[in-house]
Structure formats: structure tokens, C-alpha cells
Amino acid sequence: MSRFFATGSDSESEESSSADEITPKAPGTTFKQSLLLSDDEEDTKRVVRSAKDKRFEELTNLIKTIRNAMKIRDMAKCLEEFEQLCRAFLKSKNIVDKEGVPAFYIRLLADLEDYLNQLWEDKEGKKKMNKNNAKALSTLRQKIRKYNRDYEAEIASYKENPQESADEEEEKEPEDSGSSSESETEGDDEGVSAKAFLKKKPEAAPEASKFLKSAKGSGDESSSSDEDEDDEDWGSDIIDSGSESSDEGEGKSASLAVVFLKKTQESEKSSEKKIGKKKKLKKKERLEEEAEEEGGEEVEGGWEKVKGGVPLVKEKPKMFAKGTEINTAVVLKKLNEILQARGKKGTDRAAQIELLHALANIAAENNLGQGILVKIKFNIIASLYDYNPNLAAFMKADMWKKCLDCIDELLDILFDNNNIFIGENIAEDSENLGISEQPFRVRGCVLTLVERMDEEFTKIMQNTDPHSQEYVDNLKDEGRVCGIIDRLLTYLENKGSTEEICRIYLRRIMHTYYKFDYKAHRRSLGLQGESKSEQDQEESEGEDSAVIMDRLCKFIYAKDRTDRIRTCAILCHIYHHALHSRWYQARDLMLMSHLQDNIQHADPPVQILYNRTMVQLGICAFRQGMIKDAHNALLDIQSSGRAKELLGQGLLMRNMQERNAEQEKIEKRRQVPFHMHINLELLECVYLVSAMLLEIPYMAAHEFDARRRMISKQFHHQLRVGERQPLLGPPESMREHVVAASKAMKMGDWRTCHSFIINEKMNSKVWDLFPETQRVREMLVRKIQEESLRTYLFTYSSVYDSISMETLSEMFELEIPTVHSIISKMIINEELMASLDQPTQTVVMHRTEPTSLQNMALQLAEKLGSLVENNERVFDLKQGVYGGYFNRDQKGGYQQKQSYQRDQKGSYQQKQGGYQRGGYRNQNQGNY
């Protein structure tokens with residue numbers, strides 16, 4: 001019904017409406033009528049609010065959402081809502097300029113900045129955050145710091161007196177609510193005029209008042225639900241229902257103004273309730289913030305701050321009831337009770353460790369004997385290892401320190417009490433933990449605990465940034481780890497089995513093999529300490545690392561029954577020999593072990609150790625001047641292009657697509673800690689220089705040979721890269737230096753080659769990293785002079801009829817006997833067609849080189865030969881093999897071309913021997 005009909009101007013409408021009203025109605029019909037009201041009546045009851053109220057309500061709703069997100073530490077939500085809040089505040093800039101920045105906005109900015117700073121300082125909490133929350137935290141912290149610079153004065157005044165600022169905010173709120181109630185009642189003047197009008201005509205449409213009241217009730221319900229989610233306006237409905245019953249009792253003659261008056265009373269009551277609720281909420285929030293700052297867990301009313309996830313078991317089981325006699329059986333029962341909770345969901349691992357410590361203290365106070373104490377210590381160490389359930393996670397610093405302390409205490413007890421026998425073979429039923437004449441028997445293995453400790457130390461080093469101070473601090477713990485291993489080694493030498501001794505020996509070897517013994521090196525050179533204290537210290541220190549390694553490895557060679565421990569010990573021994581320039585011992589041990597035959601069947605960590613050993617062997621050969629051996633040892637690693645991955649020093653990004661997340665985790669666990677890395681740039685430089693010294697003379701000797709092969713593909717690749725460069729400037733990188741030196745050596749210019757290989761930049765990058773730097777440089781100069789001489793003779797022999805050895809000696813600054821020796825070897829190997837004239841000390845060249853026409857004829861003959869071979873192969877494929885003729889003659893009869901090809905492709909391997917699989921063994925088999 002329209003509002004024009006509700007005024008009662010038409011008598012017929014009055015009669016019809018009164019007739020309708022006389023009919024009895026079921027309860028709730030007024031509510032149905034309110035739903036059936038026309039759009040015009042709903043329009044009349046719209047709430048009119050000012051722009052200020054709208055904008056501020058939007059801001060308060062966003063602030064409420066941010067505070068809720070702060071309570072649950074949802075940083076991503078905080079960041080999203082804060083960005084929306086900034087945009088909303090920018091929209092209300094005109095209002096803020098007139099009214100000033102609202103206090104609740106300043107309060108949020110100050111609280112949010114403090115909250116973010118507190119979270120940022122909590123390192124443990126940050127590590128537990130997921131990736132999105134951690135990223136959002138750093139972003140939001142930067143934004144809030146930048147944003148708060150514009151409001152520094154307001155935030156400072158709020159922080160000086162936060163209570164007053166909060167009270168001012170509360171005082172402003174009733175004013176705002178009053179203004180909103182005024183806007184809802186559409187002004188007092190309108191209400192008065194309506195009252196005066198109704199006094200003149202009180203009989204006008206009492207039924208219309210019902211419609212208006214019902215409409216108002218529905219409007220109130222909808223507005224109250226939209227205004228605030230937290231405010232529950234049950235009071236307004238009660239008042240409305242009361243007004244309806246009172247109107248019916250008075251004969252339905254109440255005026256419209258009464259409804260408006262009741263609404264004003266009702267709005268005042270609801271605003272008072274809202275203020276009271278907001279005061280309580282603010283008080284509660286302040287108390288929670290104070291509790292967080294003080295680090296307390298409990299707030300008033302018994303509230304308790306609970307971390308997210310599964311509820312933790314907070315009730316600590318009481319150790320023992322009062323008056324309980326504490327003996328071994330009672331303590332053992334309590335120990336089993338604590339251990340039963342181990343691994344269960346919801347168990348607080350830190351609390352479990354504390355309980356075990358408390359139990360150990362009780363056992364020590366009551367003098368229950370060392371047996372029960374050892375058993376509790378075993379379980380404490382095991383609980384410390386179980387603190388991180390994830391296999392990939394590493395121990396935190398505090399847990400790591402506790403673990404080392406507990407193992408030290410356990411070893412102290414074992415050393416002080418010789419009557420304690422421990423072992424994994426002791427059954428729990430046969431344990432003897434009580435004090436008696438019999439020796440203590442405890443089930444457990446201290447060797448397993450120490451091995452796990454060593455693995456945890458490796459994980460800590462793998463997961464620490466190698467370029468930080470934290471890595472250095474963690475590395476200092478290695479001395480303590482080695483000390484524990486040495487103590488256990490001494491203990492097991494007296495009481496352990498052979499297998500256990502081999503295992504602990506290997507642990508000691510793994511901490512020794514990669515370290516260069518500078519003091520032993522100084523003693524071998526005959527140098528002494530500069531001061532007397534250094535000399536005394538050197539004398540007081542024990543045997544050299546070489547003696548220790550020799551003793552431990554030889555015991556394993558003799559006693560070990562497992563191939564893996566013996567293989568690791570051999571590889572570590574070779575590595576240690578090579579590191580200290582004992583080339584012949586390292587080479588002989590490698591050849592006698594035959595590890596290169598079946599290393600591909602070993603597990604990946606052993607293969608990584610083998611690769612590291614081969615690389616160190618190659619570097620050692622290079623230092624000794626064995627260029628060919630150095631090249632052979634480094635060839636497999638460097639030719640693959642995956643040296644970093646093969647040495648366990650990092651993962652290659654290009655192979656990331658080939659492995660899934662689980663495989664990547666496994667690969668990362670195999671990585672070698674940073675302090676054990678081999679310098680990859682030094683390794684590549686040694687390989688390229690070795691390849692240069694071999695390849696350049698070979699290229700000069702076989703310049704016109706069509707069957708010329710490559711000794712090193714990587715070296716040739718670097719040469720091609722250098723040739724493709726459009727502009728050749730001075731070399732910068734290590735590779736460019738080697739390429740420039742190679743070009744100089746091709747021309748026989750050894751001085752330029754020397755200046756490119758040995759200079760300040762190359763010294764700082766490579767050569768200064770060797771222990772005997774000067775000796776390596778002298779060896780390099782010598783090798784460059786000799787190979788440049790060979791290259792010069794290969795390149796320019798066709799120009800000379802004869803050349804004096806004295807001239808060659810002056811050109812390359814070599815002694816005449818050395819020149820004589822080099823030329824003699826070249827003549828004997830038929831590399832140089834010449835003869836030596838002893839009286840005149842000259843080299844007489846023989847004109848046996850083919851002419852250009854002959855060279856072309858030879859090339860044509862070779863190409864025709866290869867064409868015939870290919871034709872025969874195609875014919876064999878089409879016609880099939882007849883009577884096994886070709887199979888029978890594969891060993892030599894028909895296919896003599898196979899041996900020809902082998903000489904063509906594999907002569908270098910046949911001559912060199914080396915360490916490649918097949919090279920050393922096939923040396924004698926291939927020459928037929």
C-alpha cells in the first residue's frame with residue numbers, strides 16, 4: 001500500500017482497511033506485511049549518513065580486519081588489507097583535511113609498526129612462517145616504515161600517552177553515533193511537526209501506524225545487520241514488540257510520533273551498549289599487547305596464548321608422588337612412561353627433553369648408580385636427534401650445543417667407570433642397571449650416536465651461508481667434534497670390536513684427509529718457527545697427519561670386512577698423498593687398488609669422493625711436471641662440462657628440469673661442505689694449460705694430416721671461441737689468457753706465451769693458491785720453453801737446411817744438453833726428419849716432406865679408402881653376412897682396417913697408458 005493511501009484521505013479505504021483488520025490474524029502477519037511493502041515505503045526509510053560517517057566506517061572495518069589478521073599472524077592478509085586501507089584513506093583526503101587525521105588511524109599505524117618490528121626480531125617465529133607470510137612480512141615492514149614517515153609527529157604523541165589517545169577516540173565515538181541517530185530520525189524539527197499534525201487529527205488512520213511500525217521494524221533489522229557484524233541488536237526487537245503490545249492494549253490509538261520517540265530512546269541505548277562493548281574490546285586488546293611485550297603467556301581471565309597447529313600437551317606429568325621411595329625400578333618405569341609419548345602426534349619434544357634431564361638429575365641426587373644414568377643419557381641424545389622430525393632439517397644452535405655437552409658427559413661416565421658394558425647386542429631383559437656386584441650392562445651404541453652427531457655437523461655446514469660469519473663460528477665446532485671422535489676412538493680401541501674400530505677410524509680419516517698439514521710441510525723444508533713459543537708448540541704437537549693417516553688406513557686395509565669402508569679409506573689416503581705432493585705413492589696406490597674398474601657400481605657419495613681424488617691426483621701430477629698424467633687424470637671430469645656437479649660442489653641449473661623436488665633434496669644432502677671444496681677455476685686452468693702444452697706441438701707436427709685427432713675437445717672449443725671474436729683485446733679471464741698464450745706458442749714465441757700464463761692476474765687467481773708457488777712457476781716456464789722449441793722445429797723445419805743448436809739454445813734460453821736431448825728424442829720418434837752433426841753441433845734437415853701435389857694425392861687416397869669402406873658396409877647390410885666369414889675375421893683377417901682405425905683414433909691412449917678405463921690395461925693388447 002502506498003504512503004498516500006496511508007494518510008487516510010479516502011473514507012472507502014478506511015472502511016476497507018478497518019474491515020480487513022477485524023478479521024483475526026495469526027501471529028507474525030505483521031512481519032509478512034513488512035515483507036510485502038512497496039518500494040516507495042522502503043525508500044522513505046533509507047538511512048541518510050554523512051560522507052564523513054561513510055568514509056570513517058569503511059576505515060574502521062578495514063582496521064578491524066587488519067587487527068584480526070594480526071592476531072592469527074596472517075601477514076599476507078595484513079598486507080592486502082593495509083593496501084586497501086591506504087587507498088580508502090586517500091579517498092577520504094578531503095574529509096581528513098577538514099577534520100584532521102582520526103586517532104584510531106594513528107593508533108593502528110603505531111601498533112602495526114610495533115607488531116611488525118616484534119615479529120621481525122623473532123627469528124624462530126620467522127623461520128616457522130611459510131614462504132608467502134615471510135615475503136609479505138618483509139614487504140609490509142618496508143611499506144609501513146615508509147608510510148609512517150608522514151605521520152611521525154602524531155605517532156610520537158600517541159606513543160607518549162596511548163591511554164589519552166584511546167580515551168579521546170572513545171569520546172568521539174558517542175558523538176558520531178549521536179549524529180548518526182539524528183540522521184536516522186531525519187531531524188528533530190521534522191518529528192515535532194509530525195507530532196503537531198497528528199494532534200490535530202488523532203483519528204487519522206490508526207491502521208497506517210501499524211504498517212509504518214512494521215516497516216520500521218523490518219528496516220531496523222536490516223540496518224542493524226548491515227551496520228556491524230559484532231553488534232547484536234536484540235534490544236531493538238524487544239522494544240518494537242513491546243511497543244506493539246502496548247499500542248494494541250491502548251486500543252490501537254498510538255501516534256506516529258511515539259514510535260519516533262521510542263526509536264530515539266532505543267538508539268541511545270544501543271549506542272551506549274556499543275560504547276561499552278568497544279571499551280571492553282580495546283581494554284582487552286591493550287592487555288594482550290602488553291602481555292606480548294612482556295613475553296608473558298597468560299592474560300587476565302585465564303586466557304592462554306596458543307600456537308597454531310595441533311594443541312600441544314601442556315600438562316607435565318608429575319615425576320613422583322610425595323613419599324614415593326625412589327629406586328632404580330621406579331625411575332626406569334618413569335623413563336618408559338616418558339618414552340612412550342615419543343613420536344606421537346601432539347607431543348612437545350622440548351618438554352620431553354626437559355623431563356629426561358630432570359629424571360637424570362633425580363637419579364644422580366639419589367645415587368642410583370651410573371647404569372641408569374647412562375641409559376637416560378642415551379635417551380636424551382636420541383631425543384635431541386628426534387627434535388627435528390624432517391630428515392633434511394638441521395639442528396638449531398642451542399640443540400647442537402646441548403647434544404655435544406651430553407655426548408661429552410656420557411663419555412666422561414664411560415671413561416670414569418670401567419665396569420659399564422654397553423652394546424646393541426645386549427637385550428633389554430638382560431640389562432643390569434642397579435647397583436650390585438655385577439658390572440653394569442646397558443643396551444645402546446655410543447658409536448651410532450657419534451656417527452649421527454658427525455652427520456648433523458655436516459648438515460649444519462651444508463645449510464649455512466658459506467660467506468657469513470656464522471659459517472666460521474660453526475666451523476670452530478669441528479675441533480670439538482674431532483675431540484669427541486678421538487675420545488671415542490681411544491675408548492673403542494680398548495673395549496670395541498674390530499668392526500667398530502674400523503668405523504670410528506674412517507670418521508677420523510674423513511676429518512683429516514682434505515687438510516693440508518702446513519707444519520709438517522715446514523718441517524720437511526727445514527723451516528722452523530719464528531719464535532721460541534712456536535717451536536715449543538710444534539714439538540709438543542703429536543705426529544704428522546701423514547703418520548696418522550698411514551696408521552689408520554693400514555689398520556682398515558688389514559681388518560675391514562666391508563668393501564665400502566676400505567674403498568673410502570683408500571681414496572682418502574690417495575687424496576692426502578696427492579695433496580702433499582707425494583705423487584708416486586698416490587699413483588701406485590691408485591693403480592694397485594684397481595678402483596677405476598668398478599667405481600661405477602659404488603654409491604654416489606663414494607663416486608663423488610673418487611672424482612675428488614682423481615682431480616687432486618691430476619693437480620699433484622701437474623705440480624710435479626707430469627703434464628701428460630695430469631691431463632689424463634683431469635680429462636674425464638673436465639670433458640663432461642659438469643665438474644661442479646661431479647665434485648659435489650653444487651647443482652647445475654640446466655639440469656633442474658631433469659630432476660623432481662625429491663631428487664633435488666637428495667642431491668643437496670650429498671653436497672660437500674664449502675670448506676672442503678676444490679677451486680674450480682684452478683682446476684680448469686691446470687687442465688687447459690696441460691692441454692695447451694700437449695696440443696700445440698701435436699697440431700704443429702700434424703698440420704697437413706687429414707687424420708689428425710683432438711687431444712682435448714674443451715681446449716679446441718676455447719680456441720674456436722677466441723677465433724670467432726671480432727675484436728681481440730687484451731685477455732681478461734683465465735681462459736682468454738690461456739688462448740692468447742696458445743697462439744703465441746704456435747708461432748714459437750715462448751716469451752709472449754710466458755707473459756700470458758704467468759702474470760699478476762694469473763698469480764692471484766691460480767698460481768698463488770699452490771703451497772710451493774715459486775717451484776710451480778719455474779716448472780711452467782721450463783715446460784713452455786721446451787714445448788715452444790718443439791713447436792718451432794715442427795713449424796719451421798721446412799725452411800731450414802740446417803740450424804745450430806747454440807742458436808736454438810739462445811733463442812729459447814735453454815742449456816745446450818737440454819736442446820740436444822729434445823732434438824734427439826724427436827729424431828728417434830721419427831717426428832723430425834733430421835740428423836745431428838756432432839762436430840759442428842748443428843741439426844741437418846732431410847728433405848723428405850712431400851710436395852703439395854703429393855699431399856693432395858695422399859688425401860685423395862685416404863678419401864677413396866673411406867668411400868670403399870662405407871660401400872662395403874652398406875653392401876653387407878643389404879646382402880647379409882655369409883657363412884660367418886666377417887665374424888670370423890673380425891679379430892684381424894678381413895678387417896685390418898679396424899686396427900688401422902684404432903691407430904688413427906686411439907694411438908694416443910695406447911701410448912699414454914694413464915688411468916682411463918681400458919687405457920692402462922689395453923696398452924699391450926692393442927699393439928699387434
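Reply: A residue is called buried when its relative accessible area is under 20%, exposed when it is over 50%, and partly exposed in between, with a 1.4 Å probe and protein chains only. The model is predicted, so local features need pLDDT of at least 70 and side-chain atom pairs count only at pLDDT 80 or more, while totals for chains, interfaces and linings use all residues. Residues are numbered from 1 along each chain as its sequence is written, and side-chain values use heavy atoms, with hydrogens and water left out.

A salt bridge here is a side-chain nitrogen of Lys or Arg within 4 Å of a carboxyl oxygen of Asp or Glu. Side chains of opposite charge can pair when their charged atoms come close. Across the whole structure, the search finds 40 salt bridges.

One of them joins the side chains of Arg507 and Asp454, at 3.0 Å from N to O. This pair links distant parts of the chain, with Arg507 in helix H24 (residues 498-510) and Asp454 in helix H21, 53 residues apart. Helices are DSSP runs of H or I with at least four residues, numbered from the N terminus. Asp454 is buried, at a relative accessible area of 4%. Helix H21 spans residues 446-462 and also holds Glu451. Glu451 is buried as well, with a relative accessible area of 14%. Leaving aside residues up to four places away in sequence, Glu451 touches Arg503 and Arg507, where contact means heavy atoms within 4.5 Å.

A second salt bridge is formed by Glu684 and Arg735, whose closest N and O atoms are 2.7 Å apart. Because Glu684 lies in helix H35 (residues 680-701) and Arg735 in helix H37 (residues 734-746), the pair ties together parts that are 51 residues apart in sequence. Glu684 is buried, with 12% relative accessible area, whereas Arg735 is partly exposed at 39%.

Another salt bridge brings together the side chains of Arg751 and Glu813, at 2.9 Å from N to O. Arg751 is in helix H38 (residues 750-757) and Glu813 is in the loop between helix H41 (805-812) and helix H42 (816-828), so this pair ties together parts that are 62 residues apart in sequence. Arg751 counts as partly exposed at 43% relative accessibility, and Glu813 counts as partly exposed at 46%.

Salt bridges can also share partners: Asp405, Asp408, Asp412, Arg480 and Arg487 are joined in this way into one network.

Key
Helix = DSSP H or I, 4+ residues; strand = E, 2+ residues; numbered from the N terminus.
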